[in-house]
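Colleague: Could you show me how to read helix packing in a model like this one?

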Amino acid sequence: MAEIRNRVDKKKFVDFLRNLGIDVHFDTKARGNAGFCTGSRIDVSKNLSEEKAKDVLLHEFAHYIHFKLEPDMARTHGTLEKLFNSDNKCFVDELENELFQITLIVFNGETTRRIKALKENLNEKIKIEREIIKKYYPKFQAGEKFKEFDRYIRFSSAKYLLKYDRVIIRGGWFTMDTTISVKTVEDDFPKMPEAFVAYIRMKSYERHRNRLNARNARINRYLKQPTELFARFFQFYCSDKDGAKLLAPKATERFSELAESGYYPCLKEFFSICDTDE
């Protein structure tokens with residue numbers, strides 16, 4: 001297939017969608033996303049370029065097709081079994097692996113690349129702090145109890161910095177509130193040994209890394225939703241069918257078979273306006 005997104009006139013595509021009864025809008029923020037589909041309405045962010053808007057239309061049209069197959073997909077995120085009309089678990093698992101590889105290509109990975117860079121930076125900082133600790137405590141092992149530190153910190157307000165980067169210590173009747181933080185721990189506790197300062201900083205870096213890991217996991221869970229796997233595959237298929245065949249041969253073959261048989265609602269009509277051989 002030639003590149004559909006470049007051969008389909010935007011107005012022609014929008015007219016096609018509206019003839020299906022879909023309300024298409026380009027003057028909203030799409031609920032904070034690039035695009036949004038409710039099943040009867042497609043919003044495309046007004047902040048997108050012409051070509052990006054076409055990509056988003058393809059993506060949201062894929063969601064529309066999915067709505068037709070699984071009306072509750074907005075709640076359940078759908079199933080690959082239904083999307084590819086197969087109850088063969090091994091085959092569906094293979095499809096999922098193929099689709100995820102394409103999703104990683106189609107997905108704008110700037111966020112994940114930034115997360116990766118931040119994690120690498122944090123890992124380096126953690127390594128430096130561990131080396132400082134080991135200079136004084138050669139037997140120190142990350143993940144094990146640091147007994148010397150625990151004894152030292154027991155009656156100090158610095159213990160709160162093991163959970164939080166910044167803490168306000170409330171004063172009493174005649175004392176003011178004070179603020180302590182990981183960034184100023186050496187000034188806040190000038191008598192604290194260097195190894196213990198390093199330990200507090202190391203724990204802070206580890207907390208930041210854990211939050212990044214959690215965020216990355218949320219992104220991956222989102223990307224692996226069947227409805228997202230299908231929509232991004234559809235985007236890729238429409239712009240580079242040969243590439244789809246190379247990266248996802250089984251998914252592409254199955255999708256083409258089902259498309260040709262009319263399994264996907266409105267898809268044959270869509271291909272007919274793309275001036276392709278579908």
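Modeller: In H11, Phe230, Phe233, Phe234 and Tyr237 meet Ala251, Thr252, Phe255 and Ser256 of H13. Contact here means heavy atoms within 4.5 Å, and helices are DSSP runs (H or I, at least four residues) numbered from the N terminus, strands being E runs of at least two. By class, that contact has six nonpolar, two polar and no charged residues; Ala, Val, Leu, Ile, Met, Phe, Trp, Tyr, Cys and Pro count as nonpolar, Asp, Glu, Lys and Arg as charged, and the others, Gly among them, as polar.

Colleague: What should I know about the source?

Modeller: This is a predicted model, where local features need pLDDT of at least 70 and side-chain atom pairs count only at pLDDT 80 or more, while totals for chains, interfaces and linings use all residues. Residues are numbered from 1 along each chain as its sequence is written, and side-chain values use heavy atoms, leaving out hydrogens and water.

Colleague: At what angle do H11 and H13 pack?

Modeller: Axes are lines fitted to C-alpha atoms, for helices over the stretch in contact, with angles from 0 to 180 degrees between N-to-C directions. H11 (residues 226–239) and H13 (residues 249–261) pack at about 85°, their axes 12 Å apart. That makes H11 roughly perpendicular to H13 (65 to 115 degrees; under 35 is roughly parallel, over 145 roughly antiparallel, the rest oblique).

Colleague: And how do H7 and H10 cross?

Modeller: The axes of H7 (residues 110–136) and H10 (residues 194–223) come within 8 Å and cross at roughly 160°, which means H7 is roughly antiparallel to H10. Their contact has 14 nonpolar, six polar and eleven charged residues.
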